[in-house]
Amino acid sequence: MIDLAPLWITLRLAGTTALILLVLATPLAWWLARSRNRFSTFIEAVVALPLVLPPTVLGYYLLVALAPQGVLGSGWHWLTGGRLAFTFMGLVIGSVVYSLPFAVQPLQTAFEGVGSGPLQAAATLRAGPLDRFIHVVLPLARRGFLSALVLSFAHTVGEFGVVLMIGGNIPGVTQVLSVAIYDHVEALDYHTANVYSIGLLAFAFAVMWLLYTLNRRHARWQP
Amino acid sequence: MNHARLRTILISLIVLPGLFSWVSARAGDIDVAVAANFTSTIQTVAKRFETETGNRVSLSFGSTGKLYAQIVHGAPYDIFLAADKRRPRLLEANGEAVAGSRFTYARGRLALWQPGAKTAKPGRATLEQADFAHLAIANPKTAPYGLAAQQTLQHLGLWKQLEPRLVYGENIAQTYQFVASGNAPLGFVALSQVMTTHSPKTSYWVIPENLHAPIEQQAVLLKRANHNATAAAFLNYLKTSTEARRIIEAAGYSLP
């Protein structure tokens, strides 16, 4: 029997994560693209950490941080009276950390590609900083935004180790597709695992294809 | 360097490693795949066996499901100590294991663990009061300890009431971690886990074995070790030696 709940949770998680990351990563990537000192390279390295760390390491530290007496968990409890581990909110926090480099790096590259020329030109026309950002940087860096959005969404869909560690595998709440697949494999229910896996494979392929297609079309628009 | 010498070197480079692997795989050495929950217990048992017999036992650990998949795909193990009886039975049925070699080497004991318990020892009343946000159990679909926890809750008539608060570890180790990290205030874990971590006796309740079906951990002799005397001796040691049985019992298991 195929249950669609893991699919909806996965899509909701990936969508929320991608939107939050867009908001968080834009100023961060902008700052990283513009400043070059020891501190910014330090932050750059920190941002890239999820790329190289095994998800179980991230998941383990997140589990510790989300605990009621942990750094994040205690703050959250003070604010809302609730808990973070085993909740959808906890998964969102984990996914934001996990997918952070997938949003920051394309944006940073795009911002660096804009260069200072167009900005200076806009400044001489008396455009304010916000005006410059909205009317000069955003259109020029739109490929970066698209890549950041699609990659962080897709990477969150494929997330496994982190959600396994902090999610608690609760059907209908925190059981995402990848965990559901693992569950069915361990239970020797290969048929269901296969159906979910083929779906995920097709999705991943469609996303990457779309991304490359759009990228190429944008490339044609902007000489 | 002349041609003949080069050839000699090349040939020895090819032949020597094979020779070494042949030497290291003496008849007295056996490879045993062990369910992760039994890690420290089998290490003690194997060390005893090695000193008593002079044979060498090399141990590989993993989840029962993963080890089973490896064995089915030809992993070179002589013995499989699973955390359930389902996988050994399947191996026997498929001819991957020697028929008739299967036996229960230990029965898992379940414990309700509440490390932060300030007042009384946890017990049935703790579950009935239900003044906790989460109760951690292993996944009943995949983990024998999870199934036993579910049966216990059903037996106590608390399953329906507590189901919304359950968080599922994908195995008993993760379930333990959920409780140990403080994210779940209490959970059903293996007695062997709380015993090896020196939890105070007041923090856990050993679940009576009549509340759930036995958590039988079964061993099986794999096909490639059909005529391996050391492998047979090790299984026999596990089954009958008073020393091995004492170690297993002291680690928080009961004996068949």
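Hi everyone. Let me begin with a definition: two strands count as paired if DSSP finds at least two bridges between them. Keep in mind that what we are looking at is a predicted model.

With that, let's look at the sheet in chain B. Five strands make up an open sheet, in the order β7-β6-β8-β5-β9, and their pairing is mixed. Which strands stand at the edges? They are β7, residues 166–169, and β9, residues 204–206, of chain B; each has a single partner strand, so one side of each has no neighbour in the sheet. From one strand to the next, the twist averages 30°.

Now zoom in on β7(B). Its link to β6 of chain B, residues 135–138, consists of 4 bridges, and the two strands run parallel. Within that pair, B:Ala136 sits opposite B:Val167.

Two helices to point out here. Helix α8 of chain B, residues 172–180, packs on the sheet and touches β5, β6, β7 and β8 of chain B, with a direction about 145° from that of β8(B). Helix α6 of chain B, residues 144–155, lies across β5, β6, β7 and β8 of that chain, at about 130° to β6(B).

Finally, the partner chain. Chains B and A bury about 1,900 Å² between them, with 54% of that on carbon and sulfur atoms. On the chain B side, B:Tyr168, B:Glu170 and B:Asn183 lose the most area, together 27% of what that side buries. How many salt bridges cross the interface of chain B and chain A? The rule finds 1: B:Lys141 with A:Asp183, whose closest N and O atoms are 3.2 Å apart. And α3, α4, β7 and α8 of chain B each supply at least two residues to the side touching chain A.

Conventions. Residues numbered from 1 in each chain as written. Chains lettered and ligands numbered in written order. Predicted model: local features only at pLDDT ≥ 70, side-chain atom pairs only at ≥ 80, totals over all residues. Heavy atoms only, no water. Axes fitted to C-alpha atoms, helices over the stretch in contact; angles between N-to-C directions. Contact = heavy atoms within 4.5 Å. Buried area = accessible area lost by both parts, 1.4 Å probe. Salt bridge = Lys/Arg side-chain N within 4 Å of Asp/Glu carboxyl O.
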